[in-house]
Amino acid sequence: MRIYSSLWNADDWATRGGLVKTDWTKAPFTASYRNFNANTCVISSSGASSCTSSSSNGNSNAWMEEQLDSTSQERLKWVQKNYMIYNYCSDSKRFPQGLPPECATS
C-alpha cells in the first residue's frame with residue numbers, strides 16, 4: 001500500500017475564492033509522512049464494506065462508529081466558523097453536477 005499526495009494550483013477556488021494567492025516563490029513544496037498508519041475499509045462494487053467492529057487481529061475498529069456529543073459538535077462548529085477557509089461541500093460552483101457523496105448530511 002502507498003500514500004500519494006499532490007499539489008495543484010487552487011488559487012481560483014480553494015483560497016477564499018481567489019483572495020489568497022499561493023506564494024510560488026516558496027516552491028518547491030514538500031510533504032513527508034512519518035509513522036503513518038492508515039486504518040481502512042474496502043467497499044465492494046455491491047456496496048458491502050470490509051469494515052467490522054473487530055478485525056481478525058483483535059484490533060478494535062469501534063472508533064469508526066463513534067459520534068460527536070453535543071459539546072463536541074458545538075466545538076467543531078466554532079472551529080469551522082473561526083478557522084475554516086474553504087469547504088468544498090458548499091462549493092456548488094466547483095460541483096455544478098452535484099456535490100460529492102461524502103457531503104451528504106444524514
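1. In this predicted model, the torsion about the S-S bond of Cys-89 and Cys-103 is about -75 degrees, and the disulfide is therefore left-handed. The two partners lie 14 residues apart, and the pair links distant parts of the chain. Cys-89 and Cys-103 are each placed in the segment after α1, the helix that spans 70-83.

2. The sulfur atoms of Cys-89 and Cys-103 are 2.0 Å apart, which falls within the 2.5 Å cut-off applied to a disulfide. The structure holds 1 disulfide, so the remarks on Cys-89 and Cys-103 rest on a pair that meets the 2.5 Å criterion.

3. Are the two cysteines buried or exposed, given that residues under 20% relative accessible area count as buried? Cys-103 has a relative accessibility of 12% and therefore counts as buried. Cys-89, by contrast, has 24% and therefore counts as partly exposed.

4. As to the protein as a whole, its secondary structure consists of 1 helix and 0 strands. Of the 106 residues in the protein, 9% are buried; Cys-103, at 12% relative accessibility, is one of the buried residues.

5. The protein exposes about 9700 Å² of surface, and 52% of this area is supplied by carbon and sulfur atoms.

How values were computed. Residues numbered from 1 in each chain as written. Predicted model: local features only at pLDDT ≥ 70, side-chain atom pairs only at ≥ 80, totals over all residues. Heavy atoms only, no water. Helix = DSSP H or I, 4+ residues; strand = E, 2+ residues; numbered from the N terminus. Buried < 20%, exposed > 50% of the residue type's maximum accessible area, 1.4 Å probe, protein only. Areas by Shrake-Rupley, 256 points an atom, 1.4 Å probe, with all protein chains shown as cover.
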